[in-house]
Amino acid sequence: MNRRYVGLGSVLAVVVIAAWLSSPAAGVRALEWLAADPLRFAVVLVVLSAVRPFLAWPTTLVAIAVGYGYGWVGVPFGVVLLTFTALPPYSLARVGRAEPSSGGGFGERISETGERFVGVAGGMRTVAATRLFPLPSDAISIGAGVAGVRLRPFLVGTAAGEFPWVIAGVAVGVSVDRLASGDLSALDPALFVGMAGVAALLLAGPFYRAYLRRRRTSPEPR
């Protein structure tokens, strides 16, 4: 990728967010200029997705921007971006997990607990289900890395779990009036309840079967 585009994208991404924080209408005007060139807008979104975890910005901003620039046809691109933006915290957690610890301790216990959790439900199911809960995306990515979830299950689970959030973000992004007023939360709370319910169902089956197996193998009390 051309360095000039990367540098421009980084600056513009920061400008858009800063403008949005000070004035949503100004943020929309900046987005209008970026979206006038689909290729330029795509480069800026890729750069924004790459730096987002280090700036602690919510992933929903990326989905909203995709919705504004590309409409509903941008949903697949949004899923790719939200999967891509989850890689930095996941990779850092995997690196930290691989480094030898001095004396174990609390971090090692967390890692072991995560491994047992993933061992019951599976890496892909665990990542997909936890992303359906209204939890910080980066915390889930770090947790997956600490728990030792392999890359492919992590990517597939992230894409599946982030898909409903992309739909929600794009739904906001396609409404220029909503963006200009700064209303980024006009979503039915029933959506979050429904997604959490689906996540609970995805995890309930494996854990219930694990519970039954444990009961069958446990010795009967005298």
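These legends go with several close-up views of a predicted model.

In this predicted model, local features need pLDDT of at least 70 and side-chain atom pairs count only at pLDDT 80 or more, while totals for chains, interfaces and linings use all residues. Residues are numbered from 1 along each chain as its sequence is written, and side-chain values use heavy atoms, with hydrogens and water left out.

Figure 1. The protein has twelve helices and zero strands; helices (H or I, at least four residues) and strands (E, at least two) are DSSP runs, numbered from the N terminus. Of its 222 residues, 39% count as buried, where buried means under 20% relative accessible area, exposed means over 50%, and partly exposed is in between (1.4 Å probe, protein chains only). Now for contacts, meaning heavy atoms within 4.5 Å. Take those between residues at least 6 apart in sequence: 76% of them join residues at least 24 apart. The protein exposes about 12,300 Å², and carbon and sulfur atoms supply 66% of that. Accessible areas come from the Shrake-Rupley method with a 1.4 Å probe, and for residues only the protein chains shown count as cover.

**Figure 2. Arginine 52 pairs with aspartate 138 in a salt bridge.** The structure holds two salt bridges, each defined as a side-chain nitrogen of Lys or Arg within 4 Å of a carboxyl oxygen of Asp or Glu. In this view, the side chains of arginine 52 and aspartate 138 meet at 2.7 Å, N to O. Arginine 52 sits in helix α3 and aspartate 138 in helix α9 (residues 137–146), so the pair ties together parts that are 86 residues apart in sequence. Both arginine 52 and aspartate 138 are buried.

**Figure 3. Arginine 131 and glutamate 162 make another salt bridge.** Here the closest N and O atoms of arginine 131 and glutamate 162 are 3.3 Å apart. This pair also links distant parts of the chain, with arginine 131 in helix α8 (residues 123–132) and glutamate 162 in helix α10, 31 residues apart. Both arginine 131 and glutamate 162 are buried. Glutamate 162 counts as buried because its relative accessibility is 3%. Setting aside neighbours within four places in sequence, glutamate 162 is in contact with Leu82, Arg131 and Ser137.

**Figure 4. Threonine 158 is a buried residue of helix α10.** Look along helix α10 (residues 151–173), where glutamate 162 has its place, and you'll also find threonine 158. Threonine 158 counts as buried because its relative accessibility is 0%. Not counting residues up to four places away in sequence, threonine 158 touches Leu82, Thr83, Ala86, Val127 and Arg131.

Figure 5. Leucine 55 belongs to helix α3 (residues 38–55) and counts as partly exposed because its relative accessibility is 41%. Together with Phe54 and Leu92, Leu55 makes a nonpolar surface patch of about 340 Å². Patches are made of residues with over 30% relative accessible area and no salt bridge; like charges are joined within 9 Å, and nonpolar side chains (Val, Leu, Ile, Met, Phe, Trp, Tyr) within 5 Å. Alanine 56 lies in the loop between α3 and α4 and has a positive phi of about 60°, although it is not a glycine. Alanine 56 counts as exposed because its relative accessible area is 63%.

**Figure 6. Helix α4 has a run of buried residues and a glycine after it.** In helix α4 (residues 60–70), the buried residues are Val62, Ala63, Ile64, Ala65, Val66, Gly67 and Tyr68. Glycine 71 follows α4, and its phi is positive, near 70°.

**Figure 7. Four arginines form a positive surface patch.** The patch consists of Arg125, Arg209, Arg213 and Arg216. For charges, Lys and Arg count as positive and Asp and Glu as negative, while His and the chain ends are not counted; the place of a charge is taken as NZ of Lys, CZ of Arg, CG of Asp or CD of Glu. Helix α12 (residues 189–217) gives the largest share of the positive patch, three residues. Arginine 213 is found in helix α12 and counts as partly exposed because its relative accessibility is 44%.

**Figure 8. Glycine 194 is a partly exposed residue of helix α12****.** Glycine 194 lies in helix α12 and counts as partly exposed because its relative accessible area is 37%. The C-alpha atoms of glycine 194 and phenylalanine 133 are separated by 9.5 Å, with the two residues 61 apart along the chain.
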